[in-house]
Every structure is written in C-alpha cells, then in structure tokens.
Amino acid sequence: VLALPGIRPVLFVTFTYVLAHNILYTYIAPLLVPAGIAADIDQVLLVFGLAALLGIWMVGVLIDQRLRALLVISCGMFALSALALAFWITSAPVIYTTVALWGLAFGGLPALLQTALAKSAGDSADAAQSMLVTVWNLGIAGGGLLGGMLLLVWGVTSFPWAVVALVLLALMATFRLTDV
C-alpha cells in the first residue's frame with residue numbers, strides 16, 4: 001500500500017503538518033507569554049476551537065469539488081499564521097488573529113487528508129487509513145518532543161520559524177499528490 005502513487009505524499013503532509021501543529025498546540029501556554037496573555041489561554045483556545053469548527057464546515061461543503069485546493073489553502077493559511085507569529089509574537093491582537101486563522105486551517109485537515117488518502121489508496125483504503133492514524137500519532141508525539149527541545153534551546157520565539165519550515169514542506173508535498 002505504501003508503494004501506491006500518492007500514499008507517501010499524503011503521509012508526509014500528515015506528519016509535517018501535525019508535527020508543526022503540535023509544536024504550537026502542546027506549548028500554547030508559553031507561546032502566549034510574550035504577548036502578556038498567558039492567563040487568557042482559555043479564550044485563545046476557544047478562538048481556535050470556534051475557528052476549527054468553521055473550518056470543518058467549510059471543508060465539508062467544498063471537499064468533493066476542491067480537495068487539492070483546500071489542502072493548499074490549509075497549508076498556506078497555517079504558514080501565514082505562523083509567519084505572523086514570527087514577526088509579531090508580542091502582540092495580543094496578532095496572537096488572536098493568527099490562532100483564528102490557524103484553527104480555520106486545521107479544522108478540516110483530518111477530512112482532507114483521509115479523503116486524499118482514500119482516493120490514492122483505492123481498494124487498499126483501510127490499510128492506508130491505519131497508516132494515516134499511525135503517522136498522525138507520530139506527529140503528535142514528535143510535536144511535543146520537538147517543541148520541548150525548541151523551547152529549551154532557543155525559546156518560544158523559535159516555534160513560528162520551525163512551524164513555517166514544516167508547513168512549507170507539507171505545502172510542497174501537496175503538489176505531489178495524485179488523484180486529488
């Protein structure tokens with residue numbers, strides 16, 4: 001199944017995107033410190049969650065007609081939000097805006113990746129989906145590990161740059177997807 005065209009790029013996008021997401025999401029509390037809003041973590045996560053719900057709805061409406069475009073838009077929005085964090089991490093309004101953009105980008109991602117993988121895998125979709133879950137979980141674990149190392153060595157200001165790099169890799173891989 002791993003040798004089928006399109007499977008490896010989808011798994012690569014899954015890993016890099018989820019890795020990047022979990023660097024920020026796992027360490028959201030320290031990320032809010034430079035802007036002086038660490039005590040507002042509940043509000044920041046609410047903004048993320050509401051935007052993610054909107055992203056889920058939007059993807060649900062458009063996924064059958066625009067799968068590749070939605071993947072590109074998701075990666076692009078996430079990269080732009082991380083880039084804004086890189087330059088304005090001390091600004092509370094920028095934090096809220098970027099978290100909303102990030103949530104919007106992330107909300108529909110699971111459906112996008114599962115659909116892309118199922119289209120690429122054809123009759124082997126069940127086996128491919130189990131690979132997706134494994135890679136997703138590796139991205140979660142890796143995000144915690146890499147985020148912790150970045151925080152320890154370079155501090156929270158390194159997060160946005162790492163996320164931008166990872167999401168750009170995911171974006172490049174979306175153009176290698178077949179049958180989406």
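Reader: Which residues of α8 are buried?

Author: This is a predicted model, in which local features need pLDDT of at least 70 and side-chain atom pairs count only at pLDDT 80 or more, while totals for chains, interfaces and linings use all residues. Residues are numbered from 1 along each chain as its sequence is written, and side-chain values use heavy atoms, without hydrogens and water. Buried means under 20% relative accessible area, exposed over 50%, and partly exposed in between (1.4 Å probe, protein chains only). In α8 the buried residues are Phe159, Pro160, Ala162, Val163, Val164, Leu166, Val167, Ala170, Leu171, Ala173 and Thr174.

Reader: What reach does helix α8 have from its first C-alpha to its last?

Author: Helices (H or I, at least four residues) are DSSP runs, numbered from the N terminus. The expected span is 1.5 Å times one less than the number of residues. Helix α8 (residues 159–174) has 16 residues, and close to the expected 22 Å is its reach of 22 Å.

Reader: How many aromatic pairs are there?

Author: Rings of Phe, Tyr and Trp (its six-membered ring) pair if their centres lie within 6.5 Å; planes under 30 degrees apart count as stacked, over 60 as edge-to-face and the rest as tilted. By this rule, the aromatic pairs number 11.

Reader: Is Phe48, which pairs with Tyr25, buried or exposed?

Author: Tyr25 and Phe48 form a tilted pair, 5.4 Å centre to centre with 50 degrees between the planes. Tyr25 lies in helix α1 (residues 7–26) and Phe48 in helix α3 (residues 41–62), 23 residues apart. Tyr25 is partly exposed at 36% relative accessible area, whereas Phe48, at 7%, is buried.

Key: Helices (H or I, at least four residues) and strands (E, at least two) are DSSP runs, numbered from the N terminus.
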